[in-house]
Amino acid sequence: MKVSIIMGSVSDYEVMSAAERILSAFGVDYEKKVVSAHRTPDLMYDYIKGARDRGVGVIIAGAGGAAHLAGVAAGLTTLPVIAVPMQTKSLGGLDSLLSMVQMPTGIPVATVAIGGAANAAILAVEILALSDPSLKDGLDAYRKEQADKIHNTTI
């Protein structure tokens, strides 16, 4: 299975590229697309509705401001959707974060920290690892590497 990385604007790519790096490090196939819930609703509908047929298992959606991208995606599919709120000029990303976590009952969206595309990718790998033992082994090694860095730190 692969992960779909969507973003509301090309300006979100700088943050969302962290998800690409993590997925690549774990050998997870992914696709990426700029799609807007507001400016290209028909494109978004077709893209999300076709995700499962393209082999997508998890969707990571990054957006700022009103940040409806993840919520609309979640409303169009039963695939897990992970939201990445983007930092905004007016409210620092709090507007995006609150929009993403206030989904109605029955349409869940997992939400990471503002700008947390790397954690979104790790969460996507954890979801895929439920049915892929090699990803589980990779996650175990990743966590061990993180712990080893702390254990080997001297000050």
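Biologist: Which residues of α3 are buried?

Modeller: Leu69, Ala70, Gly71, Ala73, Ala74 and Leu76 are. Buried means under 20% relative accessible area, exposed means over 50%, and partly exposed is in between, with a 1.4 Å probe and protein chains only. Before we go on, remember that this is a predicted model, where local features need pLDDT of at least 70, side-chain atom pairs count only at pLDDT 80 or more, and totals for chains, interfaces and linings use all residues. Residues are numbered from 1 along each chain as its sequence is written, and side-chain values use heavy atoms, with hydrogens and water left out.

Biologist: How do I read a label like α3, and what do its buried residues pack against?

Modeller: Helices (H or I, at least four residues) and strands (E, at least two) are DSSP runs, numbered from the N terminus. Helix α3 spans residues 69-76, and six of its eight residues are buried. Those buried residues pack against β1 (2-7), α2 (41-49), β3 (56-63) and β4 (81-85).

Biologist: How many bridges join β1 to β3, and how many join β3 to β4?

Modeller: Two strands pair if DSSP finds at least two bridges between them. Here β1 and β3 run parallel and are joined by six bridges; Val3, for instance, has Val58 as its bridge partner in β3. Strands β3 and β4 also run parallel, joined by five bridges, and Ala61 has its bridge partner, Ala83, in β4. From β3 the chain crosses through α3 to β4, a right-handed β-α-β crossover. Right-handed means that, with the strands pointing away from the viewer, the path from the first strand over the helix to the second runs clockwise.

Biologist: Is β3 mostly covered or mostly open?

Modeller: Mostly covered: eight of its eight residues are buried.

Biologist: Let's zoom in on Ser4. Which residues is Ser4 in contact with, leaving aside its neighbours within four places in sequence?

Modeller: Contact means heavy atoms within 4.5 Å. Ser4 is found in strand β1, and with those neighbours left aside, Ser4 is in contact with Glu31, Tyr47, Val56, Val58, Ile59 and Ile60. Ser4 counts as buried because its relative accessible area is 1%.

Biologist: What does the side chain of Ser4 make with the side chain of Glu31?

Modeller: A polar contact, at 3.4 Å. That term covers a pair of N or O atoms within 3.5 Å; within protein, one must be able to donate a hydrogen and the other to accept it, and residues adjacent in sequence count only if both atoms are side-chain atoms.
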